[in-house]
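Reader: Hi, could you go through this structure with me? I would like to ask about a few residues in turn.

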Amino acid sequence: MGDKILIFAYHKRIPSLKHLDEINRFVTRMTDIAIIDSYKEHLRNVLEEKYGMKVLSILKDYDPVTELSGTIITLDRDTNAYISR
């Protein structure tokens with residue numbers, strides 16, 4: 001969509017995190033944030049190094065209740081510019 005890439009996905013929760021979430025939500029929230037940050041860094045590297053895209057920002061969130069995630073990637077230009085080259 002223009003200069004944005006939208007990704008919506010279903011991700012099964014790591015069973016141990018699901019169990020820990022029932023005991024201590026704060027610990028699992030901090031773990032979720034660490035996993036999300038690591039994923040965003042890896043995704044940025046793949047998009048820039050493998051596909052030559054210039055990533056301006058990656059916004060990501062995960063809902064542990066529904067196990068759905070959403071990612072919005074903003075590029076420096078329209079996605080068609082990268083696809084057509």
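Reader: Leaving aside neighbours within four places in sequence, which residues is Thr-74 in contact with?

Author: Please keep in mind that this is a predicted model. Apart from those sequence neighbours, Thr-74 is in contact with Asp-3, Lys-4, Lys-54, Val-55, Leu-56 and Ser-57.

Reader: Okay, and is Thr-74 buried or exposed?

Author: Thr-74, which lies in strand S3 (residues 68-75), has a relative accessible area of 15%, and because buried means under 20%, Thr-74 counts as buried.

Reader: You listed Lys-54 there, so where is Lys-54 found?

Author: Lys-54 sits in the loop between H2 and S2, and with 43% relative accessibility it counts as partly exposed. Besides Thr-74, its contacts beyond four places in sequence include Glu-48, Leu-75, Asp-76 and Tyr-82. The C-alpha atoms of Lys-54 and Leu-75 are 5.7 Å apart, although 21 residues separate the two in sequence.

Reader: Let me switch to the inside: which residues make up the largest nonpolar core?

Author: That core has eight residues, namely Leu-43, Leu-47, Met-53, Val-55, Ile-58, Ile-73, Leu-75 and Tyr-82.

Reader: What does Met-53 touch?

Author: Not counting residues up to four places away in sequence, Met-53 touches Ile-5, Leu-47, Glu-48, Leu-75, Tyr-82 and Arg-85.

Reader: And on the surface, which residues form a nonpolar patch?

Author: Met-1, Leu-6, Phe-8, Leu-59 and Ile-72 form one, with about 560 Å² of accessible area together. Phe-8, placed in strand S1 (residues 4-10), counts as exposed at 67% relative accessibility.

Definitions and conventions
Residues numbered from 1 in each chain as written. Predicted model: local features only at pLDDT ≥ 70, side-chain atom pairs only at ≥ 80, totals over all residues. Heavy atoms only, no water. Patch = residues over 30% accessible without salt bridge, like charges linked within 9 Å, V, L, I, M, F, W, Y side chains within 5 Å. Areas by Shrake-Rupley, 256 points an atom, 1.4 Å probe, with all protein chains shown as cover. Salt bridge = Lys/Arg side-chain N within 4 Å of Asp/Glu carboxyl O. Helix = DSSP H or I, 4+ residues; strand = E, 2+ residues; numbered from the N terminus. Buried < 20%, exposed > 50% of the residue type's maximum accessible area, 1.4 Å probe, protein only. Contact = heavy atoms within 4.5 Å. Core = buried A, V, L, I, M, F, W, Y, C linked by side-chain atoms within 4.5 Å.
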